[in-house]
Structures are given as structure tokens and as C-alpha cells.
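Colleague: I would like to go through this structure with you, one question at a time. Shall we start with the backbone and then turn to a helix?

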Amino acid sequence: MINQEKAPFTLKPLPYAENALEPHISAHTFSFHYQKHHKAYVDNLNKLIEATEHKDQSLEDIIKNTAGDAGKAGIFNNAAQVFNHSFYWHSMNPKGGGTPSGKLAEKINEDFTSFEKFLEEFKTAAATQFGSGWAWLVLDQGKLKIEKTSNADTPLAHGKKPILTIDVWEHAYYLDYQNKRPAYIDTFFEKLANWEFAERGLN
Ligand code: MN
């Protein structure tokens with residue numbers, strides 16, 4: 001699991017090629033996002049924790065132990081972004097999108113009444129996150145919920161289990177969609193959302 005890794009952290013291999021999500025997310029966007037942004041968070045985190053008590057902690061423990069501590073905002077931001085980005089790559093699949101099936105579909109119907117209501121709530125959260133951040137499907141006390149977080153913040157820091165995420169920082173979509181964040185969000189759900197990954201998270 002991504003969140004049980006320990007230092008020194010490494011940029012984990014992607015679950016698919018950088019051009020695998022084309023034409024929905026270009027290899028150009030993907031390579032910048034992964035090789036520059038994600039890698040920088042990994043490198044910064046390793047430097048920031050080098051001489052601290054966090055150097056032997058798992059990624060998840062570092063996130064939980066630094067959340068809300070203003071003096072450790074740098075460590076928290078980089079650790080959370082390492083986790084969030086790894087989680088985002090797995091939240092997509094070249095053959096993803098459309099509607100989920102099986103256990104996940106049943107749970108969505110149970111907790112949101114319908115897939116349409118779920119989708120509307122998820123898309124609204126992603127579209128209305130002001131500035132940089134993330135929209136999430138999470139498991140909270142056994143119930144599926146939609147949340148949005150600002151900047152690096154992550155549901156892991158708040159005792160919730162992430163199930164699926166979409167990155168709505170501009171660097172995730174601006175080269176391909178410019179200012180049209182809703183078009184990127186629509187494409188994510190129509191073509192990319194990895195429902196199998198989400199379903200595995202229910203266990
Ligand atoms: Mn990002």
C-alpha cells in the first residue's frame with residue numbers, strides 16, 4: 001500500500017504508460033505532472049524529514065502526525081501530495097469511466113440513492129473547489145461520502161478512507177483543457193475513473 005511506505009520515499013512507477021490516457025489526458029500533461037510535480041513532492045519530503053523524528057515513519061503516519069501543526073506545514077504538504085498523487089494515478093485507467101458495477105454500484109445506490117445523484121455530487125465538489133485542491137469519494141464510518149480538500153489536504157489526515165480522487169489543481173488539466181475545469185471533470189468520469197480500484201478500497 002502506498003501509505004505504508006517508509007523513507008527514503010521514491011517516485012513509484014505508474015500503473016500505465018504516460019501516454020495511455022490520451023487523448024483525454026495528454027502525455028505532455030502527464031509527464032509534467034508525474035515527473036516534475038509529483039517527483040518534487042517526493043524529493044522535498046525526503047529532504048524535510050532527513051533529520052527529524054519522521055524519518056522512520058510510514059507516509060500515512062507522517063501525514064497524520066503533522067496534520068494541523070503549523071510548524072510542520074512543509075512536511076505535511078509534501079507528504080500529503082506524495083500520497084494524493086499516487087492515489088490519483090490509480091484512480092484512473094485507460095479503459096475506465098462509465099458506470100461501476102457489482103459491490104461498488106450497490107454501495108453507491110445505498111448511500112447516494114442513485115449513480116446519477118452520486119455523480120452530480122462528485123462533479124459539483126470537483127468544480128466548486130475554489131483554487132487548488134482535490135475532490136474525493138471517501139469511506140467515513142462505513143458510509144460513502146463526497147468531499148473536497150484544499151491544496152495538499154487529504155482525507156487520510158481526517159480519519160477517512162480515500163476511495164477515489166480527482167486532482168483539480170490547474171497543473172492537472174490546464175495544458176489540455178485550459179480554464180475548462182468542468183470539461184476535464186466530465187472526461188474523468190466518462191473515460192477515466194477506475195471503478196475497479198475504487199471497489200477494492202471498500203474492503
Ligand atoms: Mn497534481
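Modeller: Asn 151 is partly exposed, its relative accessible area being 44%. Bear in mind that the model is predicted.

Colleague: What is the phi of Asn 151?

Modeller: Asn 151 sits in the loop between S2 and strand S3 (161-167). The residue is not a glycine, yet its phi is positive, at about 50°.

Colleague: Is Gln 141 buried or exposed?

Modeller: Gln 141 belongs to the loop between S1 and S2. Its phi is positive, near 50°, and it is a residue other than glycine. Exposed means over 50% relative accessible area. Gln 141 has 78%, so it is exposed.

Colleague: Which residue is joined to Pro 8 by a cis peptide bond?

Modeller: Pro 8 is in the segment before helix H1 (27-49). The cis bond has an omega of about -5°, and the partner of Pro 8 is Ala 7.

Colleague: What is the omega of the cis bond between Glu 22 and Pro 23?

Modeller: Pro 23 is also placed in the segment before H1. The cis peptide bond that joins Glu 22 to Pro 23 has an omega of about 5°.

Colleague: Within what arc do the buried residues of H4 fall?

Modeller: In H4 (residues 102-112), the buried residues are Leu 104, Ala 105, Lys 107, Ile 108, Asp 111 and Phe 112. They line one face of the helix, because seen down its axis they fall within an arc of 165°.

Colleague: Which residues are exposed on the other side of H4?

Modeller: The buried residues pack against helix H5 (115-128), strand S1 (133-140), strand S2 (143-150) and helix H8 (195-201). On the other side of H4, the exposed residues are Glu 106 and Glu 110.

Note on methods. Residues numbered from 1 in each chain as written. Predicted model: local features only at pLDDT ≥ 70, side-chain atom pairs only at ≥ 80, totals over all residues. Heavy atoms only, no water. Buried < 20%, exposed > 50% of the residue type's maximum accessible area, 1.4 Å probe, protein only. Helix = DSSP H or I, 4+ residues; strand = E, 2+ residues; numbered from the N terminus. Arc of directions from axis to C-beta. Contact = heavy atoms within 4.5 Å.
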